[in-house]
Each structure stands twice: as C-alpha cells, then as structure tokens.
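Subject: Handover of a structure

Hello,

Here is the structure for you to pick up. My notes on it come after it.

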Amino acid sequence: MVTTEDVSQEAETEVEDAEDAAAKAAAVSEACRMALQRRQVLIAADKLYLAGDYAGAKALYQQVKPPFSGNTLSDEFADRPEPIYDPELLAPAGQVYWREGNAGIEQKLETRIFIPLELLVEKYPEFIPGHLLLAQALQDYDKLPQAVEVLNRATTLYPQQTDLLRSQIDVLVKSRQWLEASIAARQFALLNPDHPEAKEFAILAEENYDKFRSYLKKMITGNAIANVITGAATVALTGNPLGALSAVETLMLLAQGESGLGDRIANNAIENLEMVEDEEIVAYINELGQKLAKVSGRDDFEYEFHVVLDPNLNAFALPGGKVFVNAGAIYHTESEAELAGLLTHELAHAILSHGFQMVTHGNLVESMTRFVPFGGTIGNLLVLDYSRDMEQQADLLGTRMLAAADYAADGLRNLMVTLNEQYDDNSPVLKALSSHPPTKERIAYLESLITRGGYNRYAYEGVERHQQIRQRVAKLLKEKKTDDEDILEIE
C-alpha cells in the first residue's frame, strides 16, 4: 500500500531531480554562452591580425587566452652541466681518468684504455673529448657497435655539439648504417636551421640517404640475393632482422624510399577506409596542410592530405608526407591553429623520418603489404610507439612549423588543455590521440617549449572559417549515424 509518506518522498525526489537537471542545464547554457563569447573575441582578433594590427589583435587574444599557469616543466637540460673541452676544468678524479686513458692508448694496453674512459664519460659526461676518445678507441679495437652506442648516448645528452654528431655519423657510415647516418644529419639540419653548419649536415643527409638506397638496390640485384632467399645470410640494415616478410620483399619495399613506401600504404588506405568526399572540407584540409608543409624544411616529398570519415580525434602521417586526418579531428578542434598544431606534430614525425626509421627496424614490415583497416600497418602507425626523443623532436619541429606558418604557437597545447578539461582519461576521444594523450605533463612540457623558444601565442587562430567547416563535418558525422555521443550541434 502506498502511503502519504511514500508519495511525499517521491515528490521530493522528483523535485531534487528537476533541480539537478535545471542546474546542469544552466551550467551547460552558461558554458555555451562563454564559449560563444570567446569565439567572437577570437574572430575579432583574427580580423585585426590579418589586417596587420598586431598590437590590437594581441590585446583581444589576451582577453581570452590567459597566461600559462607558470607550472611548466623545467627544461630537462637545464640542470645538465655545460659542455667542457679543457681537461684542466675536470675534477681531480676526472683528470686521472683522462690521463690513464691516454696512457693506455699510447701503451696499447686495452685494459688500461676502456675502464678509465668509460668511468670518465659516465661520471663527467660534460667532458666532450672523453666521448670522442672512447669512441675512437672502440673503433681502433674493432668494436663499432659499442662506438655507435657511446656516440648515440653522447649526442642525446649534448645534441648541439657538432663534433659529437660528426663522429656519430662517421661511425654509423662505417657500420653501414647509412639511413641512421642520414637521419641524424637531417634532424640536426631541420631542428637547427639557423646553425652555420645546418646546410652542411643537410648535404650529409642526402649523401647518406643515396648510399642507403644504392645498398638496397645492390642487395636486390646482386649475388647476395641468392643467399637471402635460401636463408644462408641474414639481411640486417640496422643490426636487426626486418620482420616476417621475406628479405627480398622487405628490401624491395624499402628500396622504394620514403615517398614510394608512403604512396603504397596510402593507396591501400584510400581503398579500404571510408573517405570524406565533401569538396569544401577536403580543400580546407589540403590548403592547411600544404601551408604547413611549405615551412617544414623538407621539399623532397609530394605532400598529400586526406580526410577519413571517422568521428575519433586522430591524424597520422605516413612516410613520404602522406597525411590522413579523421573528420573527428576537425570536429574536436576549436580553431584552425589547434588543428594545425595536431598536424604539425604528425608531419614532423614524417619529416624527421621517424616512421621510416622504425620500418627499417622491423616494427611495421610484417603487415606492410597486407593492409587491414585500422589494423596491420595503418593500425600500427596510428598507435606507433615513438621514443621519448622522437616525440620531443616532433614537438620542437612541429611548434616551430606552427609559428613559421603564422599560427598561434600554442595550438596543440590549447587542444590538449580543452580535451583534458572536457574528458576523463578513459574517454575514447583521448585514447584516440595515439601515442601522445593530452596529459598534464605534456601540456606543461609544451608550455615550457613555447616559453623557452619565444614562440608567439598571440598570432592567428583561424576561428571563423574553422567553425564553418566544423558545421559541415558535424552534418557528415550525423549522416553516418555514428554512436559517438560527443557529436553534438555546434553553437
């Protein structure tokens, strides 16, 4: 039997639910109002910026773009000692290691050479001659792999020391690792465009890339191919087998080069994925992508930009500069600068040959010729486990490209802040962001990178046109009848 008390409690519950719903609706309404107001300010600022009134534009941008929190990560190199070359600047123990190592070399006593020099570079990594001498001694005693390891570690610690880089490239060439030598040289040239030796390293990059291609062709056409086919010899371009494909197939794939390899995968992707055909959306992405590619510092690729009809926030670049952007990446970004930030990071991976380098290590070759939508090679590329160094290089080059293309340099950072505020860590939106989810640590790192580099946060955002394209994307995604609950009407 229903009592008066039951009816009263039910009524109270209904009232509370209604109040909660009203409060939530009011909060949503207020958030929408503020978002709309923010867009209007940014649109006005963009117009001033395009008109050349940079001071007026900056004043408006600053109204809706507060200063960074100040909780940025400190430069990971800040606490690292400055490089030194004079042995007299070493601590007494370091000077002893240096003298002992040199004495061992003079006396040709292997045991007296390596122990003190290894201790020297471990305890005093800032002493650059220590790395160079140890690497040379290892080469003299036919220990090339160890020399490569020593110089790889040294150049990671002190990437601006060109004498270390030259030694690293020389050892890689002696080890027949021409691709790695090319990439090391190219990365320095692209990441340090104003360095007086940048052009020289760019030339070294091309020379060693040509040697790599020539080596592959010889392996395919020469007598060594018979040994490869019969399994009598292991083909190792970087010291590792290249995966489950036959060595002949692998070599032929890699011999196509980055552009040829990218073309092959891209063609498979286009055939198997559902692509956006809306001319206005495709033209928008192509225009944006080509603008960014022009400031990439690498003009040997034919850059292509395609849009996949998928609601998830993702973009990925294949070797050779073939870029695929999900429609969801357009929808989930608030401005052209945010989308450009996502694209420049992905483009940077291709420009720095990160994906191609990983292919040669056998990470992706197994499914290279057997494409499965969102599995196989494309799936691997979408969640490619780039190293920490690769991610930071892509952040650095991507931020520089963003600024060079005259976009607000905090585009990628702003996208991550927005997503971090709107979605929890288990959201499919965040999981779709491949190997670089918008964590607080990454946001802080990007803020630190922008601050240290002096990149302009108060440049073009590109809001008005982007919102128009978002409307078209939202319509397409709704027509697709996606199950993604985050696809809503755009204010």
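This is a predicted model: local features need pLDDT of at least 70, side-chain atom pairs count only at pLDDT 80 or more; totals for chains, interfaces and linings use all residues.

Residues are numbered from 1 along each chain as its sequence is written, and side-chain values use heavy atoms, with hydrogens and water left out.

Whole chain

The protein chain has 22 helices and three strands. Helices (H or I, at least four residues) and strands (E, at least two) are DSSP runs, numbered from the N terminus. Of the 491 residues, 50% are buried. Buried means under 20% relative accessible area, exposed means over 50%, and partly exposed lies in between (1.4 Å probe, protein chains only). Take the contacts in the chain with a separation of 6 or more: residues 24 or more positions apart account for 69% of them. Contact means heavy atoms within 4.5 Å.

Helices 4 and 5

Helix 4 covers residues 110–123 and helix 5 covers residues 128–140. Their axes come within 9 Å and cross at roughly 145°. Axes are lines fitted to C-alpha atoms, for helices over the stretch in contact, and angles run from 0 to 180 degrees between N-to-C directions. The crossing is left-handed. That term applies if the near helix is turned anticlockwise from the far one by less than a right angle.

Helix 4 brings Ile-113, Phe-114, Leu-117, Glu-118, Leu-120 and Val-121 to the contact. Helix 5 meets them with Gly-130, His-131, Leu-133, Leu-134, Ala-137 and Leu-138. The contact residues divide into nine nonpolar, two polar and one charged. Here Ala, Val, Leu, Ile, Met, Phe, Trp, Tyr, Cys and Pro count as nonpolar, Asp, Glu, Lys and Arg as charged, and the others, Gly among them, as polar.

Helix 3

Helix 3 (residues 92–107) has 16 residues. From first C-alpha to last it reaches 23 Å, close to the 22 Å expected at 1.5 Å a residue. The expected span is 1.5 Å times one less than the number of residues. Its buried residues include Gly-94, Tyr-97, Trp-98 and Gly-101. Helix 4 and helix 5 are among what covers them. Lys-108 follows helix 3, with a positive phi near 55°.

Two strands pair if DSSP finds at least two bridges between them. Strand 1 and strand 3 (residues 322–326) run parallel, joined by five bridges. Val-307 stands opposite Val-325 in strand 3.

Two loop residues

Most residues other than glycine have a negative phi. Asp-142 has a positive phi, near 55°. Asp-142 sits in the loop between helix 5 and helix 6 (144–157), and is exposed at 70% relative accessible area. Arg-176 also has a positive phi, near 65°. Arg-176 lies in the loop between helix 7 (162–174) and helix 8 (178–191), and is partly exposed at 47%.

Best wishes
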